[in-house]
Amino acid sequence: MGQALGSVLPIAVAVAIFPIPIIASVLLLGSARGTAKALAFILAWSAGLATVGVAGLVVAAFADASDESEPATWVNALLLALGILLVALAIGQWRNRPRSDDETQVPGWMRRIDDFTVARAGQVGFALSALNPKNILLTVAAAAEIAEHGLPASQQAVTMLVFVLLASAGVLTPLVLSLVLGERSREVLDGFRGWMARHNAAIMAALFLVIGAKLIGDAISGFTG
């Protein structure tokens, strides 16, 4: 199980520092009933990741992701395809990044976040993790990495749980800072939110490039091992 955890750790870190969900968490904390809304958002975000991850493990189990503890050929092919796609996304993110004098654009729903109810915050959290193509891509990659080690179902579930917890650390951190520091956290969180909004494209490009290269390397090792 340790090898499986090591395989998914970089992917979990990449998901954890996606800028948009972290920005949403910070904005929710600054609204009325912010703590309740942020908590609903975080729990739904984690549930969305778990849903995609478990679905990936179930599909891999039915498709025989490992053969006598060795990764099946289709798993290596999937990892290679996902890696190439992530590298392509990295190039696209970098080429389309805003220039230094461009105004930072945020999604339209973020401008209405003050009007969110607790339920609406939960819906958005789930959608950002379970229905976002980029998140799905990385979570499916994590499920494939776990499945290829041929672990028993219980150990696969534990590994996926650890992945979800680590991947949720980014959206959880603003809430923890708010509870620990109180009003003193506002300046820190606002500054961090602004920085992530300005550099969103560059951050995403770097994440996709690193994880894409890792998946390609894992696939090549599987083919040649």
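Are Glu-145 and Lys-214 buried or exposed? In this predicted model, both Glu-145 and Lys-214 are buried.

The chain contains 10 helices and 2 strands. In sequence order, these elements follow the pattern α-α-α-β-β-α-α-α-α-α-α-α. Along the principal axes, the C-alpha atoms occupy a box of roughly 55 × 40 × 25 Å. The radius of gyration of the chain is 18 Å, which agrees with the value near 17 Å that a compact globule of 225 residues would have. Of these 225 residues, 43% count as buried.

Helix H2 is largely enclosed by the rest of the structure, because 9 of its 11 residues are buried. The buried residues of H2 are Pro-19, Pro-21, Ile-22, Ile-23, Ala-24, Ser-25, Val-26, Leu-28 and Leu-29. Which elements cover them? The cover includes helix H1 (2-16), H3, H5, helix H8 (169-181), H9 and H10. Ser-178 is found in helix H8, and at 17% relative accessibility it counts as buried, since the cut-off for burial is under 20%. With neighbours within four places in sequence left aside, Ser-178 is in contact with Leu-29 and Ser-185. Leu-29 is itself one of the buried residues of H2, while Ser-185 falls within helix H9 (residues 185-198).

Helix H5 spans residues 118-130 and has 13 residues. From the first C-alpha of H5 to the last, the distance is 18 Å, close to the 18 Å expected at 1.5 Å a residue. The buried residues of H5 are Ala-121, Gly-122, Val-124, Gly-125, Leu-128, Ser-129 and Ala-130. Their cover includes helix H2 (19-29), helix H3 (34-62) and helix H6 (133-147). H5 in turn is among the elements that cover the buried residues of H2.

Val-118 also belongs to helix H5. At 25% relative accessibility, Val-118 counts as partly exposed. Which residues does Val-118 contact when its neighbours within four places in sequence are left aside? The contacts of Val-118 are with Arg-33, Ala-36, Lys-37 and Ala-40. A separation of 23 Å lies between the C-alpha atoms of Val-118 and Leu-181, two residues that are 63 residues apart along the chain.

How many salt bridges does the structure hold? There are 3 salt bridges in the structure. One of them joins the side chains of Glu-145 and Lys-214, with an N to O distance of 3.1 Å. Glu-145 lies in helix H6 and Lys-214 in helix H10 (residues 200-224), so this pair ties together parts that are 69 residues apart in sequence. As stated at the outset, both partners are buried.

Lys-214 takes part in another salt bridge, with the side chain of Asp-218, at an N to O distance of 2.6 Å. Asp-218 and Lys-214 both lie in helix H10, 4 residues apart, which is about one turn of the helix. Asp-218 is partly exposed, with a relative accessible area of 25%. Through shared partners, salt bridges join Glu-145, Lys-214 and Asp-218 into one network.

A further salt bridge is found between the side chains of Arg-186 and Asp-190, at 3.3 Å, N to O. Both residues lie in helix H9, where they are 4 residues apart, or about one turn of the helix. Arg-186 has a relative accessible area of 24% and is partly exposed. Asp-190, at 30% relative accessibility, likewise counts as partly exposed.

Conventions
Residues are numbered from 1 along each chain as its sequence is written. This is a predicted model: local features need pLDDT of at least 70, side-chain atom pairs count only at pLDDT 80 or more; totals for chains, interfaces and linings use all residues. Side-chain values use heavy atoms; hydrogens and water are left out. The expected span of a helix is 1.5 Å times one less than its number of residues. Buried means under 20% relative accessible area, exposed over 50%, partly exposed in between (1.4 Å probe, protein chains only). Contact means heavy atoms within 4.5 Å. A salt bridge is a side-chain nitrogen of Lys or Arg within 4 Å of a carboxyl oxygen of Asp or Glu. The radius of gyration is taken over C-alpha atoms; the globule rule is 2.2 Å times the number of residues to the power 0.38.
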